[in-house]
Structures are given as structure tokens and as C-alpha cells.
Amino acid sequence: MSVSAELPALTACIEACFDCEQSCSSCADACLAEEMVEDLRTCIRTDLDCADICGTTGRILSRQTNPDWNVMRAQVQAAALTAQNCADECEKHANMHEHCRICMEACRQCETSCNRLLDDLMSLATAA
């Protein structure tokens with residue numbers, strides 16, 4: 001049996017990472033079009049970092065042939081942290097910019113999905 005069949009959270013995490021990547025890329029682009037772009041510099045930077053890390057995480061998790069779970073665990077931890085940071089930053093602007101609200105929600109979902117997967121991976125490791 002493959003690990004992916006044992007961990008439904010894996011599929012959810014992959015999907016959440018790719019959704020987050022898209023939302024963050026879109027938010028960064030929309031921020032660049034705002035009049036007060038100077039006020040959104042941190043948001044843009046955080047969006048772009050999160051998009052890169054979450055996209056990479058989704059691709060790494062999608063590879064299931066002889067995975068190195070230590071590397072995957074570290075990558076998922078990085079994605080959870082980055083998504084949390086991005087959600088926190090977008091939350092500061094969510095009442096003014098719809099794209100920030102949408103991005104914040106996608107990041108929160110990604111963070112939650114990453115943490116669920118990490119919990120499942122820990123359970124799997126202790127059961128072995």
C-alpha cells in the first residue's frame with residue numbers, strides 16, 4: 001500500500017498548496033496594481049515567497065516513488081509557516097482589498113492542511 005493511500009491528508013495538502021500558490025500569485029499581481037503599492041510591499045514579498053514555497057511543496061508531495069519523508073516533513077513545515085505568515089500579512093489588508101481576503105483564506109486553508117499532514121506523518125512514524 002502506498003503512503004498516499006494511507007494519508008488522505010496528503011491529497012488535501014497537495015491541493016491546498018497549489019490553491020495557495022495561485023491565490024498568492026494573483027494577490028501579488030493585484031497588489032502591484034493598487035494606487036498605494038508602497039504600502040503593500042511586504043504583502044507582495046510575502047505573497048511571492050508563499051507562492052514559491054507552496055508550489056514547490058505541492059510538487060514535492062506529488063512525487064510518491066521512494067519519497068524521503070524527512071525532506072517532505074521539512075518542506076511541509078516550511079509551507080505551513082510561510083502560509084501562516086502570508087495569511088497574517090494579508091489579513092492586515094483584507095478589509096480594503098478583496099484579493100488580500102481571498103489570499104488570506106487560501107493561506108489559512110493551506111496552513112491547516114499542512115499541519116494535518118504533519119500530524120498524520122508523526123502518527124505514521126510512531127506507529128512504525
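Predicted model: local features only at pLDDT ≥ 70, side-chain atom pairs only at ≥ 80, totals over all residues.

Residues are numbered from 1 along each chain as its sequence is written, and side-chain values use heavy atoms, leaving out hydrogens and water.

**Helix H3**
- Helix H3 spans residues 41–62, 22 residues in total; helices here are DSSP runs (H or I, at least four residues), numbered from the N terminus.
- From first C-alpha to last, H3 reaches 32 Å, close to the 32 Å expected at 1.5 Å a residue (1.5 Å times one less than the number of residues).
- Buried residues of H3 include Cys43, Ile44, Asp47, Cys50, Cys54 and Leu61; buried means under 20% relative accessible area, exposed over 50%, and partly exposed in between, using a 1.4 Å probe and protein chains only.

**Met122**
- Met122 belongs to helix H5, which covers residues 98–127.
- With a relative accessible area of 45%, Met122 is partly exposed.
- Met122 and Arg73 are 49 residues apart along the chain, and their C-alpha atoms are separated by 9.2 Å.

**Cysteines**
- The count of disulfides is 0, where a disulfide is a pair of cysteine sulfur atoms within 2.5 Å.
- The cysteine sulfur closest to that of Cys86 is in Cys107, 3.7 Å away and too far for a bond; Cys86 is buried, at 0% relative accessible area.
- For Cys100, the closest cysteine sulfur is in Cys27, at 3.8 Å, again too far for a bond; Cys100 is buried, with 0% relative accessibility.

Technical notes:
Helix = DSSP H or I, 4+ residues; strand = E, 2+ residues; numbered from the N terminus.
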